[in-house]
Amino acid sequence: MERGLENLRDEVFRRNPGESEFHQAVTEVFEALGPVVSRHPEYADAGILRRMCEPERQIIFRIPWVDDAGTVQINRGFRVEFNSALGPYKGGLRFHPSVYLGIIKFLGFEQIFKNALTGMPIGGGKGGSDFDPAGRSDAEVMRFCQSFMTELYRHIGEHTDVPAGDIGVGAREIGYLFGQYKRITNRFESGVLTGKGITWGGSLVRPEATGYGAVMFADRMLRTHGRSMEGQRVLVSGSGNVALNAIAKAEQLGAVAVTASDSSGYVVDEAGIDLELLREIKEARRGRISEYAEQRGGTARFVAGASVWDVPGTVAIPSATQNELDENAAQTLVKNGLIAVAEGANMPSTQKATELFLQAGVLFGPGKAANAGGVATSALEMQQNASRDTWSFENTHDRLETIMTGVHDRCLETADQYGAPGNYVVGANIAGFIKVADAMLAQGVV
Ligand code: NDP
């Protein structure tokens, strides 16, 4: 890493102690930026990168609520409004017991560059809570969401900050959050949240967009090498929104997705995942992945507590959570003949795993490029809300495809221009950074 960047990275570490995921995300970006900093001294002169590493605003708040047994529960809520150079802060809300400030900051930091890469007018932010929706009744989830929004509402708005879903926040939670926002503000302000239901301001294709986009990105990477998704044996981790839709798009493109997982283990199905069955278990019943193997019988088996990356495959779409794919897993995958990775999740590969993939010549699409389809389609939802319009599935899907092609090509061209041909990590970080940096330069020291 270049000396100036190293000093700045150390400063970021000192100012944000104990936030290991944030440190990791900052390090990945800094490692890519060497050639930009030497070519553009004006960025350092204006303190662009130092400012980018400091969120514009960080909000932490108490969320009191009453569970079904009548006991008062207290959770902690976060919204980090990281950068608004390109547009209103935009990024999801995560409800998971592991959430703390360092996770929200890593996600918010990534979001700045990802959103810039989409070409849409959106800034970067992220939020969430350490609330665990697992095992909670709908009524408990509703009371929690209402309490969460009772504080959050004063910080967001269609021109200010527009949250969406992430881990633990799907259509049900967005519904409760929107209902409470509408009640408090007495405004039907559809553009304040994305991921809404189709009948009340949502966009077609938004539920599918992240998983679809990741597989489109993989297909595009493969096509630069004369291949495609057709006939690939695909490994997917997770069984939530991103994973299910990655499996769907892989199948549409003629690949066979053979795995899915959750925090208890994974299933491998040699006949290809039966998506209808998996959706029924995970979406309709909020069940566990082991039930898939029980109900599918013959071709499928459940492996408890093990790594899904032990299964041989040619394309991997990690779609669960950060740091789920480490160096050992990467080694196994490469040994087993992997040719491409498109990250559906945010930062699912550790830094060592990423390096190993790049050294082995595996086509590697980092999350901030490969999973940008979700937020891009959220921006399309905002466009429809602003014009009080509803687009067809085909139209929205076509736009998603065009956006993903644009993100892919921008990464590749930028990597070329900065002396790292074929390196999507370098391309994504530099292309995203320059777009935001130029807007910040134009807007002065704010
Ligand atoms: P969901 O909550 O729908 O699904 C998450 C899945 O990942 C579940 O199967 C869950 O299993 C598994 N998982 C979560 N945490 C862990 C863990 N610590 N260890 C093992 N498995 C885990 O979330 P999404 O599908 O929306 O999000 C998945 C990833 O994609 C996240 O990294 C998110 O940031 C990223 N992403 C999501 C976007 C979106 O549009 N939704 C947009 C861009 C990125 P279990 O139920 O057992 O916890």
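Me: Which residues make up domain 1 and domain 2, and how many Å apart do their C-alpha centres lie?
Reply: The model is a predicted one, and the domain assignment of its chain gives domain 1 as 3-188 and domain 2 as 209-365. Taking the C-alpha centres of domain 1 and domain 2, the distance between them is 26 Å.

Me: How many residues does each domain bring to the contact?
Reply: The contact draws on both domains, with domain 2 giving ten residues. From domain 1, the number of residues taking part is 14.

Me: How many salt bridges does the rule find across the interface of domain 1 and domain 2?
Reply: Polar contact does occur between domain 1 and domain 2, where the count is three residue pairs, both residues being at pLDDT 80 or more. On the side of domain 1 that touches domain 2, the residues divide into seven charged, five nonpolar and two polar. Across the interface, however, the number of salt bridges found by the rule is zero.

Me: Which helix gives the largest share of the side of domain 1 that touches domain 2?
Reply: Helix H2 (20-39) and helix H5 (101-118) each supply at least two residues of that side of domain 1. The largest share comes to five residues, and the helix that provides them is H2.

Me: Which strands stand at the edges of the open sheet of five strands?
Reply: The order of this open sheet is S7-S6-S11-S12-S13, and the pairing is parallel. Within the sheet, S6 (residues 233-236) and S11 (residues 315-317) pair over three bridges, and Leu235 has Ala316 in S11 as its bridge partner. Two strands have a single partner strand each, so one side of each is left without a neighbour in the sheet, and these edge strands are S7 (256-257) and S13 (363-365).

Me: How many residues apart in sequence are the parts that the pair of Arg15 and Glu54 ties together?
Reply: By the rule used, the count of salt bridges comes to 28. Arg15 forms a salt bridge with Glu54, with their closest N and O atoms 3.0 Å apart. Because Arg15 lies in helix H1 (residues 3-15) and Glu54 in the loop between helix H4 (48-52) and strand S1 (57-66), the pair ties together parts whose separation in sequence is 39 residues.

Definitions and conventions:
Residues are numbered from 1 along each chain as its sequence is written. This is a predicted model: local features need pLDDT of at least 70, side-chain atom pairs count only at pLDDT 80 or more; totals for chains, interfaces and linings use all residues. Side-chain values use heavy atoms; hydrogens and water are left out. Domain bounds come from an automatic or database domain assignment. Contact means heavy atoms within 4.5 Å. A salt bridge is a side-chain nitrogen of Lys or Arg within 4 Å of a carboxyl oxygen of Asp or Glu. A polar contact is a pair of N or O atoms within 3.5 Å; within protein, one must be able to donate a hydrogen and the other to accept it, and residues adjacent in sequence count only if both atoms are side-chain atoms. Helices (H or I, at least four residues) and strands (E, at least two) are DSSP runs, numbered from the N terminus. Ala, Val, Leu, Ile, Met, Phe, Trp, Tyr, Cys and Pro count as nonpolar, Asp, Glu, Lys and Arg as charged, and the others, Gly among them, as polar. Two strands pair if DSSP finds at least two bridges between them.
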